[in-house]
Each structure stands twice: as structure tokens, then as C-alpha cells.
Amino acid sequence: MGKRIVNAYKNLDKNQAYSLKDAVKIVKENAKAKFDETIDIAVNLGVDPKYADQMVRGVCALPHGNGKKVRVAVLAQGEKADQAKAAGADIVGAENLIDSILAGKIEFDRMIATPDMMGMAGKVARVLGPKGLMPNPKLGTVTTDVETAVKKAKAGEVQYRVEKNGIVHAGIGKASFSEEQIYENSKAFIDAIIKAKPQGVKGTYMKKIALSSTMGVGVKVDLAALS
């Protein structure tokens with residue numbers, strides 16, 4: 001570990017779990033890199049994603065956005081394409097968008113499609129699927145209301161999906177955010193994960209939560225204090 005991290009851990013009990021507000025304070029105070037570090041949250045869940053009834057996946061609208069500029073592509077045509085452009089989509093197209101993806105040109109972070117275009121989207125499923133970019137009705141990225149979908153994506157709505165080790169993580173802000181903004185974003189994300197609890201889960205659902213910054217220390221959150 002670098003000298004800065006070592007010094008930070010001198011004032012931090014790695015075995016102690018802190019209240020969410022205290023964890024936010026500690027992480028923000030130790031985010032001292034020369035760039036605006038991302039504040040990350042990691043939630044360890046008691047699920048086994050290989051079973052369909054234990055998959056945790058969804059979207060969360062953060063009250064203060066995540067501080068990241070999201071490039072949005074929309075697969076649509078006609079009036080819906082015009083609405084997407086007016087809403088601020090970075091890329092809007094149909095066959096031409098599919099062709100560029102097949103050519104390896106993926107210059108977006110989120111892809112939205114209208115239902116009538118999903119047959120066309122199937123051509124790039126093998127390309128976008130592994131990258132988590134394939135439009136999905138459950139994530140609100142297959143919709144007739146492209147205007148709202150684009151605006152939500154641009155406002156900092158985050159998608160999450162549990163990994164095979166049972167961990168869900170996301171960037172929920174920047175070090176330049178106020179403590180209150182980071183706290184409210186963290187709380188919104190945790191609440192979204194709680195609401196997404198699958199019916200097939202038995203035993204302890206939420207096992208561990210930790211906050212960290214890109215180059216900073218990891219801080220455990222006291223689960224009991226959350227309730």
C-alpha cells in the first residue's frame with residue numbers, strides 16, 4: 001500500500017463497522033488524490049446468482065446523480081428517434097447504429113431501444129450482453145418513453161447486477177460531493193438493493209456493506225445502525 005493509504009489506516013480500525021454517516025465522512029476525508037475520486041459502494045449479499053430466483057438486478061435513481069457523464073445511445077426510428085435526440089441522446093440510429101456496433105465501435109455507456117427495434121437489437125446481443133449494455137425491459141432500457149429513459153440515464157441513474165461472488169457494487173458519487181449528498185445517494189442505493197431482495201433467498205440477505213474511494217481506504221458500514 002502507498003504511504004497515504006498506510007497513514008489513513010492508522011486512524012481507522014479496519015475491524016470496526018461505522019454508521020453510514022461516519023463511513024461517508026471517513027471516506028470523503030481520505031479521498032485526497034489529485035483527481036476527483038469516485039465514491040464506491042459494495043454490498044455483499046447472501047445470494048447465489050447461478051439460480052434465477054436469486055438474481056439481484058435493477059436500476060437506482062440517485063438523488064444527486066453519480067457525477068459521471070453518461071453517453072447514451074438510442075435504437076429507434078421516426079418520431080421516437082426525434083424524441084431521443086431532443087432529450088439529449090448522444091447517438092441515435094437504427095441499422096446504422098447496429099452496423100457500427102458490429103464493427104466494434106461502441107461509444108456509449110447505456111443503450112436504450114424501443115420495443116419494435118428489439119429484433120434488430122438481437123443482432124448485437126452477443127456483443128452488448130457481456131458488456132452489460134444490452135437493452136432490457138427490467139432495467140427500463142426497452143421502452144416507448146425514450147425521452148424519460150434518456151433523461152434518467154443522463155441524470156445519473158445507475159444500473160446494478162450481482163456478480164457471481166454475491167457482490168453488488170456501484171459508483172454513487174464523487175469526492176467533490178458534500179457528505180450529505182454522498183450519504184443520501186448511499187442510502188438510496190442500499191434501499192434499492194433491499195427492495196430488490198429475491199423471493200428465493202433464505203437466511204441473511206445483506207451480509208456486509210463497505211464504502212471506499214478510488215484511491216482511498218475501505219470502510220465497513222454497521223448494518224444494525226441502518227435499521
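**Paired strands and salt bridges**

Modeller: In this predicted model, strand β4 (residues 72-75) and β5 pair in the parallel sense over three bridges. Residues are numbered from 1 along each chain as its sequence is written, and side-chain values use heavy atoms, with hydrogens and water left out. Local features need pLDDT of at least 70 and side-chain atom pairs count only at pLDDT 80 or more, whereas totals for chains, interfaces and linings use all residues.

Biologist: What makes β4 and β5 a pair?

Modeller: Two strands (DSSP runs of E, at least two residues) pair if DSSP finds at least two bridges between them. β4 and β5 have three bridges, so they meet that definition. In β5, isoleucine 91 is the bridge partner of alanine 73.

Biologist: Why do β5 and β6 stand at the edges?

Modeller: The open sheet has three strands in the order β5-β4-β6, with parallel pairing. β5 (91-93) and β6 (110-113) each have a single partner strand, so one side of each is left without a neighbour in the sheet.

Biologist: Which strands does helix α4 touch as it packs on the sheet?

Modeller: Helix α4 (residues 95-102) touches β4, β5 and β6, where contact means heavy atoms within 4.5 Å and a helix is a DSSP run of H or I, at least four residues. The direction of α4 makes about 125° with that of β4; such angles run from 0 to 180 degrees between N-to-C directions, with axes fitted to C-alpha atoms, for helices over the stretch in contact.

Biologist: Why do the side chains of lysine 25 and glutamate 29 count as a salt bridge?

Modeller: A salt bridge is a side-chain nitrogen of Lys or Arg within 4 Å of a carboxyl oxygen of Asp or Glu. Lysine 25 and glutamate 29 meet at 3.1 Å, N to O, so the pair qualifies. Both residues lie in helix α2 (residues 20-29), four residues apart, about one turn of the helix.

Biologist: Why is lysine 25 called partly exposed?

Modeller: Buried means under 20% relative accessible area, exposed over 50%, and partly exposed in between (1.4 Å probe, protein chains only). Lysine 25 has 36% relative accessibility, so this residue counts as partly exposed; glutamate 29, with 42%, is also partly exposed.

Biologist: What does the salt bridge of glutamate 157 and arginine 110 tie together?

Modeller: The closest N and O atoms of glutamate 157 and arginine 110 are 3.5 Å apart. Glutamate 157 lies in the loop between α7 and β7 (158-161) and arginine 110 in strand β6, so the pair ties together parts that are 47 residues apart in sequence. Both residues are buried.
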